[in-house]
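Welcome, and thanks for taking a look at this one.

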Amino acid sequence: ANQDRYDIRINIDNKGTHYLAVYDGHGPGGHHCAEFCKEKIPDLFLSYRGGGGEQRATNQARSSSSRRAMICGCGTSPCVFGTKDALEKAYLDTNVLLVESDEINTELSGTTSTAIVLDKDRLTVSNVGDSVVILGSKNPGSETMTASLLVKPHDLSRLDERARIENSGGLILSAEEYDGLPKSTNSVPRIWYRESSEKLPGCAFTRSLGDEIAQKLGVSARPEFHERRVEKDQVLVIASDGLTDF
């Protein structure tokens, strides 16, 4: 089954702000995780940013143990955040809601999430996982364009991501190495429990939403951001690794 989802919300706040995202689910319930995040993240983002949003999403966040994440100490109720902070809170609170859901088993299932918010000429990219955002900009005095990658995928090729996993007790080996076999040329490093009778979780990504077991080993739902002004840019591509890796 296709576990990817996408979302396009034009004028999400009735003030000219646009929201676009892709969600790449994985695991037995990955499609449910992707659909859940597709529904929750933009609504929570909008409510935290002060644009209203779906009240039901806000109420669900407040009724869960994620209430602790909604208290910022500013003394304002409701609290209104800027675009970047609102996105980060939306991701983190959605992750809590997803893991706490009685309808979705997230032990070995989850989703990546890459979103963009375009507010007039201001572009904000948030990323958890290994989907990509590519910006095409026209070269001055030419019909050619230059492509720029706006995110750094979250995988074990990044030393900073590896350090967080290892500091959280995760073991990084390819599947062959884990089984005591020689490492093959195309083998991919994966995350495992150091001491377990079960071969888990075996994921190659280092950030996701859901993935309850992997998050105990340092896999994070906290997004990274890229912010820039859109000037001579003409093309924007947001895609899961199903398009970019194969």
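In which strand is the place of Thr124? This threonine belongs to strand E4, which covers residues 122–128. Keep in mind that what you see is a predicted model.

**Around Thr124**

Thr124 has a relative accessible area of 3%, so it counts as buried. Leaving aside residues up to four places away in sequence, Thr124 touches Thr83, Leu87, Ala115, Ile116, Val117, Phe225, His226 and Glu227.

**The chain as a whole**

Stepping back, the chain has seven helices and 12 strands. Of its 246 residues, 45% count as buried. Among contacts with a separation of 6 or more, 61% are between residues 24 or more positions apart. The accessible surface of the chain comes to about 12500 Å², and carbon and sulfur atoms account for 49% of that area.

**A nonpolar patch on the surface**

Tyr6, Ile8 and Ile10 together make a nonpolar surface patch of about 370 Å². Ile10 sits in the loop between strand E1 (4–9) and strand E2 (17–26). With a relative accessible area of 56%, Ile10 is above the 50% cut-off and therefore counts as exposed.

**Cysteines**

How many disulfides does a search of the whole structure find? The search finds zero. For Cys37, the nearest cysteine sulfur is that of Cys33, 6.8 Å away. That pair is not a disulfide, because the two sulfur atoms would have to be within 2.5 Å. Cys37 counts as buried, at 0% relative accessibility, and Cys203 is buried too, at 8%.

Here are the relative accessible areas of the residues discussed above, side by side.

| Residue | Relative accessible area | Class |
|---|---|---|
| Thr124 | 3% | buried |
| Ile10 | 56% | exposed |
| Cys37 | 0% | buried |
| Cys203 | 8% | buried |

**How confident is the prediction?**

The mean pLDDT of the chain is 88, and 88% of its residues reach 70 or more. Where in the chain is confidence lowest, and where is it highest? The lowest is in helix H2 (residues 55–63), with a mean of 48, and the highest is in strand E10 (residues 209–210), at 98. Over residues 54–58 the pLDDT stays under 50, and the model gives this stretch nine contacts beyond four places in sequence. Residues 63–77 also have a pLDDT below 50, and the model has 21 contacts for them beyond near neighbours in sequence.

How values were computed. Residues numbered from 1 in each chain as written. Predicted model: local features only at pLDDT ≥ 70, side-chain atom pairs only at ≥ 80, totals over all residues. Heavy atoms only, no water. Patch = residues over 30% accessible without salt bridge, like charges linked within 9 Å, V, L, I, M, F, W, Y side chains within 5 Å. Areas by Shrake-Rupley, 256 points an atom, 1.4 Å probe, with all protein chains shown as cover. Salt bridge = Lys/Arg side-chain N within 4 Å of Asp/Glu carboxyl O. Helix = DSSP H or I, 4+ residues; strand = E, 2+ residues; numbered from the N terminus. Buried < 20%, exposed > 50% of the residue type's maximum accessible area, 1.4 Å probe, protein only. pLDDT = per-residue confidence, 0-100. Contact = heavy atoms within 4.5 Å.
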